[in-house]
Amino acid sequence: MISSAESRYNQWVHEHYRFLLRSAWALTGSRAIAEDVVQDCFTSAWRFRNQLRDPAMARAWLFQIMRRHAFRNMEPAAATDGEAQEPTDDRHQALDVQLDVVKALSRIAPIHREVLVLYYFDDMPTAQMAEALDIAPGTVLSRLARARDALKAALEPGRPTAPAAGAASSVIPLRKRTP
């Protein structure tokens with residue numbers, strides 16, 4: 001059966017949209033921006049689809065493209081979803097914990113955020129992460145260790161809940177600065 005370019009594109013979107021949206025949302029902290037980023041990603045990817053050497057690596061390749069678009073679209077603004085409700089049951093409390101993690105992710109360095117998103121949100125193996133991020137597998141593991149430490153620090157009580165606009169000092173640094 002011969003498929004049209006449109007049906008191949010639709011299949012591609014169907015297979016990878018949710019993964020890319022979750023990743024973009026976690027990287028940008030905004031669903032609206034994430035949706036724009038994913039749309040831009042698919043547009044670019046489809047235009048340059050002949051550059052994908054191994055179809056088995058499509059997810060990692062698409063992540064690279066999405067990541068570039070996400071970093072271009074990221075703003076240092078606070079989270080856009082300001083719906084605050086008092087928790088009335090366990091479900092609301094669980095959602096609050098999830099939101100705390102998302103807010104904490106927005107306060108750590110992007111190189112830490114992306115490895116945590118790929119590893120924990122998208123269950124990507126470290127070898128595929130290395131390919132997607134264009135780094136060595138050992139570097140993936142060391143970034144994961146540092147990212148976990150940064151996320152733990154960002155989740156500590158007493159830290160601000162969102163970075164101030166343009167305030168780079170609210171991002172947890174890659175390494176502790178020495179005086």
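1. Let me start with Tyr119, which sits in helix α5, spanning residues 110–121. Helices here are DSSP runs of H or I with at least four residues, strands are runs of E with at least two, and both are numbered from the N terminus. Please keep in mind that this is a predicted model, in which local features need pLDDT of at least 70 and side-chain atom pairs count only at pLDDT 80 or more, while totals for chains, interfaces and linings use all residues. Residues are numbered from 1 along each chain as its sequence is written, and side-chain values use heavy atoms, with hydrogens and water left out.

2. Beyond its neighbours within four places in sequence, Tyr119 is in contact (heavy atoms within 4.5 Å) with Met124, Thr126, Met129, Leu144 and Arg148. The C-alpha atom of Tyr119 is also separated by 9.8 Å from that of Val140, 21 residues apart along the chain.

3. After α5 comes Asp123, with a positive phi near 50 degrees.

4. Next, the packing of α5 with helix α6 (residues 126–133): the two axes come within 10 Å and cross at roughly 140 degrees. Axes are lines fitted to C-alpha atoms, for helices over the stretch in contact, and angles run from 0 to 180 degrees between N-to-C directions. The angle makes α5 oblique to α6, given that angles under 35 degrees count as roughly parallel, over 145 as roughly antiparallel, 65 to 115 as roughly perpendicular and the rest as oblique. The crossing of α5 and α6 is right-handed; a crossing is right-handed if the near helix is turned clockwise from the far one by less than a right angle, and left-handed if anticlockwise. On the α5 side, Glu114, Val115, Leu118 and Tyr119 make the contact, and on the α6 side Thr126, Met129 and Leu133. By class, 5 residues of the contact of α5 with α6 are nonpolar, 1 is polar and 1 is charged. Here Ala, Val, Leu, Ile, Met, Phe, Trp, Tyr, Cys and Pro count as nonpolar, Asp, Glu, Lys and Arg as charged, and the others, Gly among them, as polar.

5. Asp134 is not a glycine, yet its phi is positive, at about 60 degrees. With 66% relative accessibility, Asp134 counts as exposed.

6. Thr28 belongs to helix α1, residues 5–28. Its relative accessibility of 15% makes Thr28 count as buried. Thr28 and Ser106 lie 78 residues apart in sequence, while their C-alpha atoms are 7.5 Å apart in space.

7. Helix α2 (residues 31–47) also packs against helix α3 (residues 58–73), at an angle of about 130 degrees and with axes 8 Å apart. That makes α2 oblique to α3, and the crossing of these two helices is right-handed. Among the α2 residues that meet α3 are Ile33, Asp40 and Ser44, and α3 contributes residues including Trp61, Ile65 and His69. The contact of α2 with α3 has 10 nonpolar, 3 polar and 1 charged residues.

8. Which residues does Ser44 touch, not counting those up to four places away in sequence? They are Ile65 and His69. Ser44 is found in helix α2 and is buried, with a relative accessible area of 15%.

9. Finally, the chain overall. There are 7 helices and 0 strands. Of the 179 residues, 35% count as buried. Among contacts with a separation of 6 or more, 69% come from residues 24 or more positions apart.

Methods. Buried means under 20% relative accessible area, exposed over 50%, partly exposed in between (1.4 Å probe, protein chains only).
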